[in-house]
Amino acid sequence: TVPAPKPPPEPDMNNLPEHPMPPHQKKHALNSIKAVKRLKDAGPFLHPVDTVKLNIPFYYNYIKRPMDLSTIEKKLNVNAYEIPEQVLSDFKVMVNNCHLFNGKDSAISHMVNNIEASFEKHMLNMPPKDLPAPTTHK
Ligand SMILES: CN1C(=O)c2ccccc2Sc2cc(NC(=O)[C@@H]3CCCO3)ccc21
């Protein structure tokens, strides 16, 4: 019997963190995701893998944590992340899903590697959690 394709899980809205990432870090992470979404190689990663359009009903049987750029952006907007590393780890889930399902040397995996490199470069400029107090020059 063909297993019914499972819908991609929504961001874990149920247990949002008590102390989410502060606004200046959230803003930087959102800008980084927006910059990646504009890359030529980002197309297939903008939305959850569409198992019907791609005719891969087994996808969610292999890929237990589907992830894509729109889901990361949504999680940022609902303050689902506590620290920037959690954003990076969701990004890596998306990368590893692609490597696992398509093969590390596939064209689509080279595309996801490109956008991951770009995202990591943006995240190098992430401001520290506790910004220095604004100094008032006399
Ligand atoms: C990341 N990834 C994949 O990992 C994937 C999974 C199975 C088969 C092919 C691919 S490459 C791929 C292609 C699209 N393409 C599309 O979404 C559009 C709509 C359906 C055909 O092109 C989206 C995701 C994707």
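Predicted model: local features only at pLDDT ≥ 70, side-chain atom pairs only at ≥ 80, totals over all residues.

User: Which pattern does the chain follow when read along the sequence?

Analyst: Start by counting the elements: the chain has five helices and zero strands. Reading along the sequence then gives the pattern α-α-α-α-α.

User: How many Å does the box filled by the C-alpha atoms span along the principal axes, and what percentage of the residues is buried?

Analyst: Taken along the principal axes, the box filled by the C-alpha atoms is roughly 75 × 35 × 20 Å. The chain has 138 residues, and a residue is called buried when its relative accessible area is under 20%. Buried residues make up 36% of the chain.

User: Now the helices. Are α3 and α4 roughly parallel or roughly antiparallel to each other?

Analyst: Two packed helices are described by the angle between their axes and the distance between the axes. For α3 (residues 69-77) and α4, the axes come within 10 Å and cross at roughly 160 degrees. An angle over 145 degrees counts as roughly antiparallel. Therefore α3 and α4 are roughly antiparallel.

User: Is the crossing of α3 and α4 left-handed or right-handed, and how do the residues of the contact divide by class?

Analyst: The crossing of α3 and α4 is right-handed. From α3, the contact takes L69, I72, K75 and L76, and from α4 it takes V87, D90, F91 and M94. By class, the residues of this contact are six nonpolar, no polar and two charged.

User: What is the arrangement of α1 relative to α5?

Analyst: Helix α1 (residues 23-37) packs with α5 at an angle of about 150 degrees, and their axes are 9 Å apart. Since angles over 145 degrees count as roughly antiparallel, that is how α1 stands to α5: roughly antiparallel.

User: Which residues meet in the contact of α1 with α5, and how many of each class are there?

Analyst: This crossing is right-handed. H28, A29, S32, I33, A35 and V36 of α1 meet I115, S118, F119, H122 and M123 of α5. Sorted by class, the contact has seven nonpolar, four polar and no charged residues.

User: Let's look at single residues. Is H99 buried or exposed?

Analyst: H99 sits in helix α4 (residues 84-102). Beyond its neighbours within four places in sequence, H99 is in contact with K104, S109, V112 and N113. Its relative accessible area is 14%, and because the cut-off is under 20%, H99 is buried.

User: And K104: buried or exposed?

Analyst: K104 has its place in the loop between α4 and α5 (107-124). Leaving aside neighbours within four places in sequence, K104 is in contact with H99, S109 and H110. With a relative accessible area of 63%, and since over 50% counts as exposed, K104 is exposed.

User: Where is D12 found, and which residues is it in contact with, leaving aside its neighbours within four places in sequence?

Analyst: D12 is found in the segment before α1. At 37% relative accessibility, D12 counts as partly exposed. Leaving aside the neighbours within four places in sequence, the contacts of D12 are K75 and A80.

User: Last one: what is the phi of N79?

Analyst: N79 lies in the loop between α3 and α4. At 28% relative accessibility, N79 counts as partly exposed. N79 is not a glycine, yet its phi is positive, at about 55 degrees.

Technical notes. Residues numbered from 1 in each chain as written. Heavy atoms only, no water. Helix = DSSP H or I, 4+ residues; strand = E, 2+ residues; numbered from the N terminus. Buried < 20%, exposed > 50% of the residue type's maximum accessible area, 1.4 Å probe, protein only. Contact = heavy atoms within 4.5 Å. Axes fitted to C-alpha atoms, helices over the stretch in contact; angles between N-to-C directions. Parallel < 35°, antiparallel > 145°, perpendicular 65-115°, else oblique. Left-handed = near helix turned anticlockwise from the far one by under 90°. Nonpolar A, V, L, I, M, F, W, Y, C, P; charged D, E, K, R; others polar.
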